[in-house]
Amino acid sequence: MTGSYEDRDGWIWMDGKMVEWRNAQVHVLTHALHYASSVFEGERCYDGKIFKGVEHSRRLRRSAELLDMEIPYSIEEIEKAKYDMLKANGWTNAYVRALAYRGAGDEMGVSAVHNPVRLAIAGWEWGAYYGDAKMKGAKLDISKWKRPSPETIPVAAKASGLYMICTMSKHAAQAKGCSDALFFDYRGYVAEATGANIFFVKDGEVHTPLPDAFLNGITRQTVIDLLKQKGIRVWERHIEPYEMEGFEQCWLTGTAAEVTPVGEIGPYAFEVGALARDIAETYERHVRA
């Protein structure tokens, strides 16, 4: 699939029915377009099965609740819709995007409690998110923006509005020849990349930031479990930026990123070492098991 995302062949599930791709449209006065009243999920289907689909659907509904929205579909209905969309497009390996949002209605101000909450589920065929970085290691910039305090935003929600600084940071990183950007949080601790969680290795042990100011990713949780099954100690803790100088390996985790080794973050260099390669291969086997 190539070209503009608005001009493709295929089918998108919208509010209970399958809609031809080019006709999957919303009104310009859709509340979410003006006030970011939307939440989403990114998922991958491997060989006909969506990896941890139910967990993603559960988080979608929870994210909506945190934004004071109620999705008018159950987890079971959302799951069926995802597989119906995949079947309509003839895909067994694809990326799946579920989006819940406040639509157009009787209100067009900040408050929109009576506007309908709508649901759309699309998908596309998507290869490696960071290109050849799985072999060479991704190169990351350090963003000038910071992940905000949980007192200012619902950090447990996968809310579209929280990605505004991600887009800005990734654009700035790409302008410098980097694949992505690393955020610190409002306290100055290492947080995450624009769409992925981060892990470091030192002396055979793994260190990853405590997710108290950013989303605790489903892929992140999966990788922690896989590491523990291998008998590797995992430290979930606050990480100071200066500590990156002493880490030997690094990788990113996320539905799109899967497990991607990192070679550089700003002035810090990491090897694409044995543990990074091993956990990437283990994850690839795990999602297809």
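Select cysteine 45 to begin: this residue is buried, with a relative accessible area of 3% (buried means under 20% relative accessible area, exposed over 50%, and partly exposed in between, with a 1.4 Å probe and protein chains only). The model is predicted, so local features need pLDDT of at least 70 and side-chain atom pairs count only at pLDDT 80 or more, while totals for chains, interfaces and linings use all residues. Residues are numbered from 1 along each chain as its sequence is written, and side-chain values use heavy atoms, with hydrogens and water left out.

**Cysteines**

Move to cysteine 250, which is buried at 0% relative accessibility. Which cysteine sulfur is closest to that of cysteine 250? It belongs to cysteine 178, and the separation of 13 Å is too far for a bond. Across the whole structure, a search finds zero disulfides (a disulfide being a pair of cysteine sulfur atoms within 2.5 Å).

**The cavity**

Next, display Glu43, Arg44, Tyr46, Phe51, His56, Thr255 and Tyr283, which line the largest cavity. On a 1 Å grid over the protein atoms alone, a cavity is a set of points where a 1.4 Å probe fits but cannot get out, and lining residues have an atom within 4 Å of a point. Grid points are joined across faces, edges and corners, and the volume is the space filled by probe spheres set on the points. The count comes to one cavity of 30 Å³ or more, and about 30 Å³ of space lies in the largest cavity. Strand β3 (residues 38–46) gives the most to this lining, with three residues; strands are DSSP runs of E of at least two residues, numbered from the N terminus. By class, the lining comprises three nonpolar, two polar and two charged residues (Ala, Val, Leu, Ile, Met, Phe, Trp, Tyr, Cys and Pro count as nonpolar, Asp, Glu, Lys and Arg as charged, and the others, Gly among them, as polar).

**Aromatic pairs**

Turn now to the aromatic rings, where the structure holds ten pairs. Rings of Phe, Tyr and Trp (its six-membered ring) pair if their centres lie within 6.5 Å; planes under 30 degrees apart count as stacked, over 60 as edge-to-face and the rest as tilted.

Select tyrosine 95 and tryptophan 124: their ring centres are 5.0 Å apart and their planes stand at 35°, so the pair is tilted. This pair links distant parts of the chain, with tyrosine 95 in strand β5 (residues 94–102) and tryptophan 124 in strand β6 (residues 117–124), 29 residues apart. Tyrosine 95 is buried at 4% relative accessible area, and tryptophan 124 is buried at 10%.

Continue to phenylalanine 200 and phenylalanine 247, a stacked pair because the centres lie 4.7 Å apart and the planes meet at 15°. Here too distant parts of the chain are linked: phenylalanine 200 is in strand β10 (residues 197–202), and phenylalanine 247 is in the loop between β12 (234–237) and β13 (249–254), 47 residues away. Phenylalanine 200 is buried at 0% relative accessibility, as is phenylalanine 247 at 5%.

**Charges over rings**

Arginine 8 lies over the face of tyrosine 5, at 3.8 Å from the ring centre. Select arginine 147 next, which lies over the face of phenylalanine 183 at 4.9 Å from the ring centre. The criterion is NZ of Lys or CZ of Arg within 6 Å of the ring centre and within 35 degrees of the ring normal.

**Last stop**

Finish at valine 113, in the loop between β5 and β6. Is valine 113 buried or exposed? At 52% relative accessibility, valine 113 counts as exposed. Its C-alpha atom is separated by 8.5 Å from that of aspartate 68, 45 residues apart along the chain.

Notes. Helix = DSSP H or I, 4+ residues; strand = E, 2+ residues; numbered from the N terminus. 1 Å grid on protein atoms, 1.4 Å probe; cavity = no way out; pocket = protein on both sides within 12 Å on 5 of 7 lines; lining within 4 Å.
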